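Good morning, and thank you for making time for this presentation.

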Amino acid sequence: CAGQAEKLRAIRSHMDALELCKPNLQSLILTTAEKYLPQLNIVATAPGILVFSAIGIISEIGVDMSVFPTSKHLCSWAGLTPQNNESPGKKKTTRIAGTYIKPLLVQCALFAIKAKRFPEVHRRYLAIKKRRGHKKAIIAIARMLLSAIYNMLKKISLTILSFIAKLTALPHTVGLPGGGDFHHPAAGLSGVCSAYCVEVGL
């Protein structure tokens, strides 16, 4: 009928408008994330994690891993560790952390186990699934990914700090690979990160 057709046209128009907004939103997200480019490049090397997944993970956990003593603390905060908090047959939880990052990591884990270029992840998934089932196996893979990300971010943070210390110990102007000078007192942290990216080839 005419009424239903009009509703469908309105819905289609709304969907088209959303599609037009999508590139602008993506561009805004990428622009905002530029200052974390070294960390994003590292995180995106983990199995199953693409650019926007890396941005989502960084936005949830940050880049300073010193707030978590170990990877186990981070996984616990994200809700990826087994819990034993129940009373006769009823499980209790008051968890509010990990609301967004846990589903995101589960989606990354699902992608990783299906991608042919990550056979080791697929084998790990099958080994756990055989003993504990699909759901627990996927959570285990998500936990493995988050542990890897924790160690990568912690390592790059220590490396950048070491690089900053090396720069500040050198004269005012430092030559960079490929030519050009880096004036470290005026450049700020973003300049240091850019110099670090040039140094390590990121």
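I begin with Asp16, which counts as partly exposed at 39% relative accessibility. Here buried means under 20% relative accessible area, exposed over 50%, and partly exposed in between, with a 1.4 Å probe and protein chains only. Please note that this is a predicted model, in which local features need pLDDT of at least 70 and side-chain atom pairs count only at pLDDT 80 or more, while totals for chains, interfaces and linings use all residues. Residues are numbered from 1 along each chain as its sequence is written, and side-chain values use heavy atoms, with hydrogens and water left out.

The side chain of Asp16 meets that of Arg12 in a salt bridge, at 3.7 Å from N to O. By salt bridge I mean a side-chain nitrogen of Lys or Arg within 4 Å of a carboxyl oxygen of Asp or Glu. Why are Asp16 and Arg12 separated by about one helical turn? Because they are four residues apart in helix H1. Arg12 counts as exposed, at 54% relative accessibility.

The structure holds two salt bridges. Another pairing joins the side chains of Glu6 and Arg9, at 2.8 Å from N to O. Glu6 and Arg9 are three residues apart in helix H1, which spans residues 2–32, so about one helical turn separates them. Glu6 is partly exposed, with a relative accessible area of 46%.

Helix H1 also contains Met15, a partly exposed residue with a relative accessible area of 47%. Met15 forms a nonpolar surface patch with Leu8 and Ile11, and together they have about 320 Å² of accessible area. Patches are made of residues with over 30% relative accessible area and no salt bridge; like charges are joined within 9 Å, and nonpolar side chains (Val, Leu, Ile, Met, Phe, Trp, Tyr) within 5 Å. Accessible areas come from the Shrake-Rupley method with a 1.4 Å probe, and for residues only the protein chains shown count as cover.

Let me turn to charge. Which residues gather in a patch of positive charge on the surface? They are Arg124, Arg131, Arg132 and Lys136. Lys and Arg count as positive and Asp and Glu as negative, with His and the chain ends not counted; the place of a charge is taken as NZ of Lys, CZ of Arg, CG of Asp or CD of Glu. Helix H6, residues 119–132, gives the most to this patch, with three residues, and Lys136 lies in helix H7, residues 134–169.

Next, the interior. Ile61, in helix H3 (residues 51–61), is buried, with a relative accessible area of 7%. Leaving out residues up to four places away in sequence, Ile61 touches Phe68, Leu74, Trp77, Ile101, Leu146, Ile149 and Leu153, where contact means heavy atoms within 4.5 Å. Between Ile61 and Leu74 there are 8.4 Å from C-alpha to C-alpha, and they are 13 residues apart in sequence.

Ser71 belongs to helix H4, residues 71–77. Is Ser71 buried or exposed? Ser71 is buried, at a relative accessible area of 18%. Beyond its neighbours within four places in sequence, Ser71 is in contact with Ser147 and Tyr150.

Finally, the overall picture. The protein has eight helices and four strands; these are DSSP runs, H or I of at least four residues for helices and E of at least two for strands, numbered from the N terminus. Of its 202 residues, 31% count as buried.
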